[in-house]
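Me: Hey, I'm new to this one. Can you walk me through it?

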Amino acid sequence: MNVVIVESPAKAKTINKYLGKDYHVLASYGHVRDLPAKDGSVRPDEDFSMSWQVDERGEKRLREIAAAVKDSKHLFLATDPDREGEAISWHIVDELRRRKVLDGVDVERVVFNEITQRAIAEAFDHPRSLNQELIDAYMARRALDYLVGFTLSPVLWRKLPGSRSAGRVQSVALRLVSEREAEIEAFKPQEYWSIDVTLANSEGASFVARLTHLEGTKLDRFDLGNESAAMAAVAKLEAASELSVDRVERKQTKRNPYPPFTTSTLQQEASRKLGFGATRTMRVAQKLYEGIDLGGEAVGLITYMRTDGVQMAEEALEQTRALIASDYGDPYLPHGPRQYKSKAKNAQEAHEAIRPTDLFRRPKDVAAFLDQDGLKLYDLIWRRTVACQMSSAELDQVAVDVRVDAGVAQLRATGSVITFDGFLKIYQESKDEGRNGDQDSGNQDSGNGAGERRLPKLTEGEALRRQEVLPEQHFTQPPPRYSEASLVKKMEELGIGRPSTYASILQVLQDRNYVRLERRRFVPEDRGRLVVAFLSSFFERYVQYNFTAEMEERLDDISGGRADWRRVLHDFWSAFYAAVEGASGLSITQVIDALDEDLGPHFFPIDPKNPGKNPRECPACSEGRLGLRFSRNGGFIGCSNYPECRFTRPLAVPSDDADADGIDLTNPKLLGEDPETGKAITLRKGPFGIYLQIGEVEGDTKPKRSSLPKGLPPADVDLAKAIALLALPREVGAHPEDGKAVTAGIGRYGPYVKHGSTYRSLTEGDDVLTLGLNRAVALLAEAPKRGAAAGRPLGDHPDDGKPVTQGKGRFGPYVKHLRLYASIPSDIDPESITLEQALPLLAAQAEKKAQKAAKKPAAKKKAASKKKAATKKAGKKKAASTKKAAKKAPARKKAVTTTAAD
């Protein structure tokens, strides 16, 4: 029997069908061991020796593999064909050798770029040994990421309370997002005008031309910088009596197709066209690569999806050209195959581009076997691959110059017509960086007629008739925030990260609440900006784009055999450790001062409506200066006159106007004094919404607060209403059935009525301040229906036929089966989730619960054992004490010794 190791059970299932009964294919479920998450796992003083730890899941897989290998003569390592796949294989072999189960076993490595019968057979015909250079590259990256995280993160925690962690590449990506936001904030829009003129030729056909020259001078963008300049130009055009065609330029151009997908370009296009996040794209691509059951035959539909390469295998090129000839005809087939070269320096250049394993397996042919996401992504990959080998699109471009009154002005009109669509017949790449920040519509373009702007037939010297002069005001726009697509593109351009890391980098930034996605654009959280400011101030070298890119190149040199991995780590560590030691001695005042200076313009911008006002003046005491402060829970803005002045506000930027709340609550709004205590009642805005507060924090005593009921505009809250809300809960009356009090108040989930232990939320239209007893009793009588199916039905579970539903609860959207709930990940749209997507989530949650349940008996046994040991220890201690006492009392020695022995 031959044992074959792969990463995933889906891949194992597909490969096992190809290899037959003489092979036993097992899945390792990814890495079987890793560096323990504690200090000392990587030891620079011992030439970067490392300690590896097998977790509970890895131990289970290793036992299965070890048991299978004992009865085998051959072990084939068939993990993914990249650095990470090589590392997984090395970990397995190293651990098996440590356990002495590989004696007499022939160990070989097989790699393949696609999971098809032909590719698998060829790989097993040409096995190799493990690639030490790829293993060294993995060791270097893993050690480097560990050392940065476990050395820098504690400094962050001590000096920047509320921060989570720092990473070698994620911090640089966070810097990109933060600096783009700073550009947007500092941007000053500039006014400019354009003037279009609608003209008609001798046949009455209309077209539009734009003013380009005035009084013999070519106009730059800002030459018409205000309305008066624009209107002066309009007057000259309207006074003109002679307009004629001065020159007509015609030329033919070609548009060439785009290369086939790499990891980054796939993530970019999936984001623009399909609205997929990077994590979602890679998860779907992984399924397509590992194998899909096509009516009894499991086959990988695409090649390996982590690659920088744009080249295609010769047989794939031939197959693509054959498909183009058969489906689209000879005009769409160029004379020879198109060859593309990767611009990436090294990373994964040994791999092909991402393409279908069989081009004749058209999207319509596999639609019945794929879920919605899988079909969309496969269709995108198939179209891009076919298009990359099609003929270029051909366009006729026309440019017409219009002369106005013998040189008073010159207009220009341009047009283009696609004379042959070529590759645009099936594919057109989307754009992302629109100046207005709009996303691509997400539709799959057919390409026919794309970008056409036709002009009527015009001849030089032809007289034209002016119809309308159209001046238009414009303002320059700030650079758009990064989308997932544009951020991946920027990281790739700068050489930051590698194909296998883009998705995880973006996900980590969101998981740690350093950034958030807003309209599919990244917005840095204030916490994230603080981290970037701290690192830029005290670890500037390590968040520089060129330093990170150069480090990536050195790591690539290791995988290419051009550098020693320990030498690379030594060069990095000596300078990095010195920087960390220097930062460890920083006082909190030094940190605050540096961050306050860096982020001051962000948190304290000058009010354009009142530029003379000091944005740092404390609104409470008018004497103190507002600045950044830190507590153990994170950052906030406070007054320099503390403790005399206890004014604070959340770490947020003041708003320009009321916006949706109807009032600016950057600073607390004073409503008046509480008649009972004489303390100020203020309206404030916190992280969980708008609320009322009496007085300020005094020592450990928190002031009384009340949130606003939903639907109550903050602008409508006056002193009387504030006093009533702060007095809640109030007694509505006695319940007619038992005479017990019915109360109304505002709780964690909004306004409510309460009777005994029964709570009922108020409905829309109910006012917690004026709600009467009759309405309260009616609400309490509306008992919730038990046992009713809640949520959107997704279908019946295949195991028991019981319904699976989707709903939303306190902790977000979920899927439910019987009494099992599973949260829906952020990269899956809850409104469009399918049964096929829900089942794996439920299965994972069920396994998690089973593992937890399995641990309970072991935990109880461990606790009992610990208790027994403690009892035994106490008994020994007591016996020793008794024995000691017995020496002092010889007459009682015999009885005490017996007791001690018992």
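Predicted model: local features only at pLDDT ≥ 70, side-chain atom pairs only at ≥ 80, totals over all residues.

Me: Okay, sheet to start. In what order do the strands of the four-stranded open sheet come?

Reply: The order is S2-S1-S7-S8, and the pairing is parallel.

Me: Which strands stand at the edges?

Reply: Those are S2 (23-27) and S8 (106-109). Each has a single partner strand, so one side of each is left without a neighbour in the sheet. On average, neighbouring strands here are turned by 20° against each other, ignoring direction.

Me: How many bridges join S7 to S8?

Reply: Four, with S7 covering residues 74-77. Leu-77 stands opposite Arg-109 in S8.

Me: And which strands does helix H1 lie across?

Reply: H1 (residues 9-19) lies across S1 (2-6) and S2, running at about 170° to S2. Helix H2 (residues 56-69) lies across S1, S2 and S7, at about 165° to S2.

Me: Switching topic: which residues of helix H20 are buried?

Reply: In H20 (residues 773-781) they are Ala-776, Val-777, Leu-779 and Leu-780. Looking down the axis of H20, these fall within an arc of 160°, so they line one face of the helix.

Me: Why would residues a few places apart point the same way?

Reply: An α-helix has 3.6 residues a turn, so residues three or four places apart do that.

Me: What covers the buried residues of H20?

Reply: The cover includes strands S27 (730-734), S28 (741-747), S29 (750-755) and S30 (758-761). On the face turned away from the buried side, H20 carries the exposed residues Asn-774 and Ala-781.

Me: Now salt bridges. How many are there in the whole structure?

Reply: A search finds 48. In one of them, Asp-94 pairs with Arg-33, with the closest N and O atoms 2.6 Å apart. Asp-94 sits in helix H3 (residues 83-98) and Arg-33 in strand S3 (residues 33-34), so the pair ties together parts that are 61 residues apart in sequence.

Me: Is Arg-33 buried or exposed?

Reply: Buried, at 5% relative accessible area. Asp-94 is partly exposed, at 31%.

Technical notes. Residues numbered from 1 in each chain as written. Heavy atoms only, no water. Pairing = 2+ DSSP bridges. Helix = DSSP H or I, 4+ residues; strand = E, 2+ residues; numbered from the N terminus. Axes fitted to C-alpha atoms, helices over the stretch in contact; angles between N-to-C directions. Contact = heavy atoms within 4.5 Å. Buried < 20%, exposed > 50% of the residue type's maximum accessible area, 1.4 Å probe, protein only. Arc of directions from axis to C-beta. Salt bridge = Lys/Arg side-chain N within 4 Å of Asp/Glu carboxyl O.
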